[in-house]
Amino acid sequence: MSGSSNSMITKLVDRVFPVMPDFYGLMNEQCDVLVEAMEALVQYMEDGSEEKGLAVRQIEKRGDELKARNIDVLNRAFATPMDREDIYRAIVTLDMGMNYAKTTTRELEVLGLTPDKFMLEMAVEYKNAAQALQQGFNRLTENPAQAEENAAAARKSERNIEKIYRRALADLFNVDEMVSKLDADEPGAKAQAMLAVVDMFKRREVYRHLSNGADRIARAADRLHDIIVKIS
């Protein structure tokens, strides 16, 4: 009788005061998938194979499912270990990074381009930023103040991507070099020049897309910083 009574009381307490979900664990899981997506993006940029591009998109799909699940858990939660809005923003911004990994592979395929050295360099910085975010969010439960260095590292990767982006544009629009490769007397020279110009603008589109994605990574670092400030 006593055991039954205790069970009923426990159920009543759980109903009135539900167990708080492990939001730290949920965000860590998203970070793990983000790192996986960026590692796959680097592999894709190394050879541009259709198989590697498909892997990026499959990982991103899992990331979408995690985001949807985490938002649902957040909406249903009676209480949260930190500001509810900060959790929501972290969930959404972590997912944005994966979205840009997927859409970059799509752009390359649609435009009929193969990845180049600048795209690979930027993808490596994406991966570095994702790993910094992973380490930072993982530190929130025990050493939140130390996680600030990880947020700073992620923002540094974003700045590095911007530097690579500018170098890529300078190389891409080096008209003198392009002209030197074209022989005006060679048959079809004008057609070659036109194709070269079209290729320039296609690549510029992908470079810009990667640059925009880096901004989303920086936002995720900002969300990490916001949480650190509030719980430290």
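Let's start with Arg223, which is buried, with a relative accessible area of 17%. One thing to keep in mind as we go: this is a predicted model. Arg223 has a salt-bridge partner, Asp226, and their closest N and O atoms are 3.1 Å apart. Because the two sit three residues apart in helix 8, about one helical turn separates them. Asp226 itself is partly exposed, at 21% relative accessibility.

Now, how many salt bridges does a search of the whole structure find? The search gives 17. Let me show you two more. Arg69 pairs with Glu29, again with closest N and O atoms 3.1 Å apart. Arg69 is in helix 3 and Glu29 in helix 2, so this pair links distant parts of the chain, 40 residues apart. Next, Lys67 and Asp95 meet at 3.6 Å, N to O. Lys67 belongs to helix 3 and Asp95 to helix 4, so their bridge ties together parts 28 residues apart in sequence.

Let's move to the nonpolar side chains. The largest nonpolar core has 62 residues, and Met38 is one of those with the most contacts inside it. Helix 2 gives the most to this core, with 15 residues. If you click on Met38, look at what it touches: among them are Met98, Tyr126 and Ile217.

Finally, the surface. Phe173, Val197 and Phe201 make a nonpolar patch of about 260 Å² there. You'll find Phe173 in the loop between helix 6 and helix 7, and it counts as partly exposed, at 35% relative accessibility.

Key:
Residues are numbered from 1 along each chain as its sequence is written. This is a predicted model: local features need pLDDT of at least 70, side-chain atom pairs count only at pLDDT 80 or more; totals for chains, interfaces and linings use all residues. Side-chain values use heavy atoms; hydrogens and water are left out. Patches are made of residues with over 30% relative accessible area and no salt bridge: like charges are joined within 9 Å, nonpolar side chains (Val, Leu, Ile, Met, Phe, Trp, Tyr) within 5 Å. Accessible areas come from the Shrake-Rupley method with a 1.4 Å probe; for residues, only the protein chains shown count as cover. A salt bridge is a side-chain nitrogen of Lys or Arg within 4 Å of a carboxyl oxygen of Asp or Glu. Helices (H or I, at least four residues) and strands (E, at least two) are DSSP runs, numbered from the N terminus. Buried means under 20% relative accessible area, exposed over 50%, partly exposed in between (1.4 Å probe, protein chains only). A nonpolar core is a set of buried Ala, Val, Leu, Ile, Met, Phe, Trp, Tyr and Cys residues joined through side-chain atoms within 4.5 Å. Contact means heavy atoms within 4.5 Å. Lists of a residue's contacts leave out its neighbours within four places in sequence.
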